[in-house]
Amino acid sequence: MKRYFNIYKLTILFAFITAFTFACNADKKAASEETVNAVTVNNKETAGESLYQLEGEWHSQNGDTLQLAELNGKIPVVSMIFTRCGFACPRIVADIKNIEKQIPAEKKDSVVFVLVSFDSERDNPDKLKEFATEMKLDDKWILLHGGEQEVRELSMLLNVKYKKQPDGSFAHSNGITLLDANGAIAAHVEGLGTDPEPIVSKMKEL
Amino acid sequence: MKLFLNCLLTLLFALLFGCTPRQKEGDYEKVVGYREAILTNAPEVPKSPGAKYPQKVIVKLEVVEKVMRLADGVDYNFWTFGSVVPGKFIRIREGDEVEFHLSNHPDSKLPHNIDLHAVTGPGGGAEASMTAPGHTTQFSFKAINSGLYIYHCATAPVGMHIANGMYGLIFVEPKEGLPPVDKEFYIMQSEFYTKEKFGRPGLSSFDMQKALDEKPEYVVFNGSVGAAMGDKAMKVNVGETVRLYVGNIGPNLISSFHVIGEIFDKVYIEGGDLINKNVQSTAIPAGGSAIIEFKCEVPGSLTLVDHSVFRAFNKGALAQIHVEGKENTRVFSGKQRDAVYLPEGSAVQSITDKRPEPPMAEKSMFERMEKGKILYENNCAACHQQNGEGLAGAFPPLAESDYLMKREDKGAGIVINGLSGKITVNGKEYDGVMPQMQLTDDEIASILTYVRNSWGNKGGLVNAAEVKAVRAGSK
Amino acid sequence: MIIALALITGPVACANDPKSSPTADMVKIAGGSYEAFFETTGDKTVRVKPFYLDTKAVTNAEYLEFVKANPKWSRSKVTRLYTDAGYLKHWKGDFEIGNPQIRNSPVTNVSWFAANAYSKWKGKRLPTMAEWEYAGRASFANDSRPVEEVILDWYSKPSQKTLPPVGSSLKNVLNVYDMHGLIWEWVSDFNGIVMGGDSRSNSAIQRDLFCASGSFSAADKEDYAAFMRFAFRGSLEARYSVNNLGFRCAMDAN
């Protein structure tokens, strides 16, 4: 009982700090509680924020079955797309290729590019393979198909908004997210053709 | 736009990774040091920051949904910036870089945000400040243009968020400052659209149809009826110069802002740089402002009104400045009284408009006294005064009034039908007009009970049935 | 897994075959369609297949059972990835609600992830936005006022200090309680609001931010209650917990 009470107090205290501490006296814990757009997020002990806690299976363009946790130790650049997308998704791929050109030499081996499809129904591994060939994506690129539930959960973690349209296409927001070696979000940029500087500079620190 | 984003990024970096003020020169004046903005409640205005150079300014504002007074006996569940309506006054200097923190109280039912008309950027910050209950958001902007600006909530449905009280003023002082004055005040006009009629006691609620029809029950200064009247009036001394920062949020009506008994020496039209002189009334659009200056030459009460005048006398758009000091009969003789501008009470002076009467249930003495006091203050006190003593020569007293207490109808006939012509009360003659009051029998019974048992009167309970009988008899 | 947990925790109605049998506290909602509040140009009709919906929101007591069976969802163990610091802050402890008056009140201060995990554990799922909106359009069983008016009345009143029990507000003609006037509720695809937080700019959606054709506009500009729900969803992230935001579960009808 007493222990819980203390935890409760701590929680309240923490909430208080989060809500009311800003600017100069914001401590690091509080800073990590805030959502800061287009700004790199401080990370030290990030395992607790790892996206790899997400359960569920995914299928790659090569037909492999995998869990996100298998990316552990890599530095993934993640975005969500669907292959029938005519406008935004090819541009997102181009934006990521632009990041690819700026990867620091010492990170070349660990950085991978992950594209997750919104389209659980139609983007099966074969279709993803086709897309990868068409867009000239090499083996640094991992294209993932998952169930509706898994895709929705991942979109929540990446703060991507999307909605299936009556014609089977998807309205969606465009974002590119950098994960650290633990799978926690290290940086994020929003929109098409956005300056990827926050991602590139954070990559150097990881 | 790109520059704006860059500024934003730089600021955010500075925020996260240290406290050193930004040294960037760019197209703008150098920003030196930082301060936390001091915010004030109407009618107070924060002092000029007085800085010779732009600074980084931290502004923290908390959104709270809370029940407060809209008029005597009338409550409303306001949505507020800073637990007050209008919201806190924010004062910064041209070139300042504002880091804006918006917190939404955990008990809020709704998300809220803020659109500051002083912001150059998408939505005036609305999207960047969208805040769920129990959360805090942050964004930054550079105050490029000087002037007096509105801020308001822009969460859908925007009209309702504004109609419920979410607005205030932000003044971006020009870098050269404004000429010094003796007193500064913050006045904000707004409308309330309630299901209940003006002055009806209890918790009032928002009426969407009236808002769509642009037919408010209340038009008020500083968030409630009488917020700056009587004891709460603004106070200045003879010979002092006054500057009013006046905003009008609407949400629908344009204000014909006027001060009874003054001429505006200067009006900064629409809150900008252009100055007009010697103005009687100035139009303030919904979502707009004006800065007004005048010198108070003679003592007395100045009454601030929306000169679309039914709003003033029947919907609450009144405020007062009490000017104290020596008479100056060369400027003003002093014979004329401003009593004619006093509110005639909330009840509409109508002859034909019949309201259906709700079923009547008689009340206890205690209940009648309670309800009667509120009704009296809303409908009668403007003339007969709160202490029931009236105003000598103009409005007869009710306190220990022989005229009233000896009447067989207990006064009901006067309230129902009005009264005009010569009467004698406690030996003094009065020759005025009291309008018919459009009140229900039940309400009149409460008022009369209150009047007949206050200030030394001993008249006993008045029942609604008695009033009804008088009404029937007078037809 | 679900079966095993159900046995341990005892009174879980869906213990046998959770995938196919709705519980007694659910009601079948016949499919249908309605006009979308915000939609791209073209077909504005939203079609909803038949589904089962909980008649009442999940209560604190019910949620406690879930936490007991899944301690990783207790307040001190839960990951910050899935919740913010306000998670279950109105409870007394990890496995203790505290105030006995709120046992049957709807659980709030739960994140989308928490609501989603609870639903899965029950063999159910969260309703979609379309399903929720469809069920929420039904008129009230014992109140002739339009739905819209009842909702606006709710906003006119301040938040209650303690939430009343589930089933204490209005029942609609579909036999579903408390769709309006008690709490906000999570839906599975609340992040399907493809628009910014500033509703005034939605007439011309920014193509750079959102991949969607045509323009968005409100079907009924006077449906203030719908505006509010959309604004609320737009202000949320999936790990947020909010004082008056809870959930109920749904299930496919086939």
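These questions and answers go through a predicted model, chain by chain.

Me: What makes seven strands of chain A an open sheet, and in which order do they run?
Reply: The order is E2-E1-E5-E4-E3-E8-E9, with mixed pairing. At the edges are strand E2 (65–66) and strand E9 (185–190) of chain A, and each of these pairs on one side only.

Me: How do you know that strands E3 and E4 of chain A pair?
Reply: Two strands pair if DSSP finds at least two bridges between them. Strand E3 (residues 75–81) and strand E4 (residues 111–117) of chain A have seven bridges, in the parallel sense, so by that cut-off they pair. Among the partners are Val78(A) and, in E4(A), Val114(A).

Me: Which helices lie across strands of chain A?
Reply: Helix H4 (residues 125–134) of chain A lies across strand E1 (58–60), E4 and strand E5 (141–145), at about 150° to E5(A). Helix H6 (residues 197–205) of chain A lies across E3, E4, strand E8 (175–179) and E9, at about 165° to E9(A). In total, chain A has six helices and nine strands.

Me: Why is strand E7 of chain B called largely enclosed?
Reply: A residue is buried if 20 or more other C-beta atoms lie within 10 Å of its own. Eight of the eight residues of E7(B), residues 135–142, are buried, so the strand is largely enclosed by the rest of the structure.

Me: What is buried on each side of E7(B)?
Reply: One side has His135(B), Thr137(B), Phe139(B) and Phe141(B), and the other has Thr136(B), Gln138(B), Ser140(B) and Lys142(B). Both faces are therefore covered, as the residues on each are all buried.

Me: How many bridges join strand E5 of chain B to E7(B)?
Reply: Eight bridges join strand E5 (residues 97–104) of chain B to E7(B), and the two run antiparallel. Phe100(B) has Phe139(B) in E7(B) as its bridge partner.

Me: What share of chain B is buried?
Reply: Of the 475 residues in chain B, 50% are buried. For chain A, buried residues make up 39% of 206.

Me: Why are the buried residues of helix H2 of chain C said to be on the same side?
Reply: The buried residues of H2(C), residues 60–69, are Asn60(C), Glu62(C), Tyr63(C), Phe66(C) and Val67(C). They cover an arc of only 160° around the axis, which puts them on the same side of H2(C). These buried residues pack against helix H3 (112–121) of chain C.

Me: What makes up the contact between chains B and C?
Reply: Chain B gives 29 residues and chain C gives 28 residues. On the chain B side, strand E2 (56–71), helix H2 (158–163) and helix H3 (208–212) each supply at least two residues. The largest share, three residues, comes from E2(B). By class, the side of chain B that touches chain C has 16 nonpolar, eight polar and five charged residues.

Me: Where in chain B is the pLDDT below 50?
Reply: The mean pLDDT of chain B is 87, and 88% of its residues reach 70 or more. Over residues 336–343 of chain B, however, the pLDDT is below 50, though this stretch has 14 contacts in the model beyond near neighbours in sequence. Residues 346–357 of chain B are also below 50, with 16 such contacts. Where pLDDT is low, the predicted coordinates should not be read in detail.

Notes. Residues numbered from 1 in each chain as written. Chains lettered and ligands numbered in written order. Predicted model: local features only at pLDDT ≥ 70, side-chain atom pairs only at ≥ 80, totals over all residues. Contact = placed C-beta atoms within 7 Å. Helix = DSSP H or I, 4+ residues; strand = E, 2+ residues; numbered from the N terminus. Nonpolar A, V, L, I, M, F, W, Y, C, P; charged D, E, K, R; others polar. pLDDT = per-residue confidence, 0-100. Buried ≥ 20, exposed ≤ 12 C-beta atoms within 10 Å, placed from the backbone. Axes fitted to C-alpha atoms, helices over the stretch in contact; angles between N-to-C directions. Arc of directions from axis to C-beta.
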